[in-house]
Amino acid sequence: MDTYLGRKITWEVTFNKRTDDFGNYYDAINFLRDSGYSSGSMCGDMPIALVKGCYNLPQKWRNFSVLDKKDINGVMIGDFRNGVVKIYFFDESPITQ
């Protein structure tokens with residue numbers, strides 16, 4: 001597997017089926033919510049942090065410290081408005097199916 005931010009990506013989910021504004025982003029957010037994850041806020045083209053359970057880190061990526069980034073369980077990246085959105089999970093067992 002690849003790495004992102006120096007962390008091993010253990011699982012990746014891609015959203016690319018929709019063409020409407022923010023469609024893939026909203027599909028990703030719904031997937032995360034249904035899977036028990038919280039996400040931060042959009043901050044331009046910066047990543048969006050993901051945490052399993054309740055979110056207790058800074059909302060926008062620009063406000064994250066190095067220590068905050070070590071506490072996240074994953075990130076959402078991509079062209080949130082019109083393109084492909086990817087979720088990278090860093091923990092060993094991200095979704096219980």
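How accessible is Asp21, counted as buried, partly exposed or exposed? At 46% relative accessibility, Asp21 counts as partly exposed (buried means under 20% relative accessible area, exposed over 50%, partly exposed in between, with a 1.4 Å probe and protein chains only).

This is a predicted model, in which local features need pLDDT of at least 70 and side-chain atom pairs count only at pLDDT 80 or more, while totals for chains, interfaces and linings use all residues. Residues are numbered from 1 along each chain as its sequence is written, and side-chain values use heavy atoms, with hydrogens and water left out.

**View 1. The salt bridge between Asp21 and Arg81.** The two side chains meet at 3.8 Å, N to O (a salt bridge is a side-chain nitrogen of Lys or Arg within 4 Å of a carboxyl oxygen of Asp or Glu). The pair links distant parts of the chain, 60 residues apart, with Asp21 in the loop between E3 and H1 and Arg81 in the loop between E6 and E7 (helices are DSSP runs of H or I with at least four residues, strands are runs of E with at least two, and both are numbered from the N terminus). Arg81, at 44% relative accessibility, is partly exposed.

**View 2. The network of Arg18, Asp20 and Asp27.** Salt bridges link these residues: the closest N and O atoms are 2.7 Å apart between Arg18 and Asp20, and 2.8 Å apart between Asp27 and Arg18. Arg18 is partly exposed at 32% relative accessibility, as is Asp20 at 37%, and Asp27 is likewise partly exposed, with a relative accessible area of 25%.
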